[in-house]
Amino acid sequence: MADNTNSTNEKQQFYRKKHKEEMKHHVLTFAMMIAFTLIAFGLVIAGVSPMFTIPVILILAAVQVLFQLYYFMHMNQEGHEMPALMIYSGIFAAILTVLALSTIVWW
């Protein structure tokens, strides 16, 4: 019986350490997303050239989406392969649609 208690205690310690590590990643990711948002606002407020500002804002937005998918929606954990595949397929289809429509418009 004492052996079972020790095993349970080790499991609890393992999960506490795992949750503490996950919380650290969440807080760090949240801080980075706030920083990216402040950078985007700073570029717009400073009146930097739109030819530079727009691509930078789009890149920062894409990075924020990836952070939210992986850290806040837990797409990096096991068992989420099918939802991740569907999301990536949707992103791929959206990129193809934008490329096709921009090709038609510019042609």
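## Annotated spans

The unreviewed UniProt entry places the feature "transmembrane region" at residues 27-46, 52-73 and 85-106; such annotations may be inferred rather than shown by experiment. The structure is a predicted model, in which local features need pLDDT of at least 70, side-chain atom pairs count only at pLDDT 80 or more, and totals for chains, interfaces and linings use all residues. Residues are numbered from 1 along each chain as its sequence is written, and side-chain values use heavy atoms, without hydrogens and water.

Residues 27-46 are 100% helix and 0% strand (DSSP runs: H or I of at least four residues for helices, E of at least two for strands). Their end C-alpha atoms are 28 Å apart. The span 85-106 is likewise 100% helix and 0% strand, with 31 Å between its end C-alpha atoms.

## Two domains

An automatic or database assignment divides the protein into domain 1 (2-76) and domain 2 (77-107). Their centres, taken over C-alpha atoms, are separated by 23 Å. Each domain gives 7 residues to the contact (heavy atoms within 4.5 Å).

## The interface

About 630 Å² is buried between domain 1 and domain 2 (accessible area, 1.4 Å probe, lost on being put together, summed over both). Carbon and sulfur atoms give 56% of this area. On the side of domain 1 that touches domain 2, 4 residues are nonpolar, 2 polar and 1 charged.

Notes: Buried area is the accessible area (1.4 Å probe) that two parts lose on being put together, summed over both. Ala, Val, Leu, Ile, Met, Phe, Trp, Tyr, Cys and Pro count as nonpolar, Asp, Glu, Lys and Arg as charged, and the others, Gly among them, as polar.
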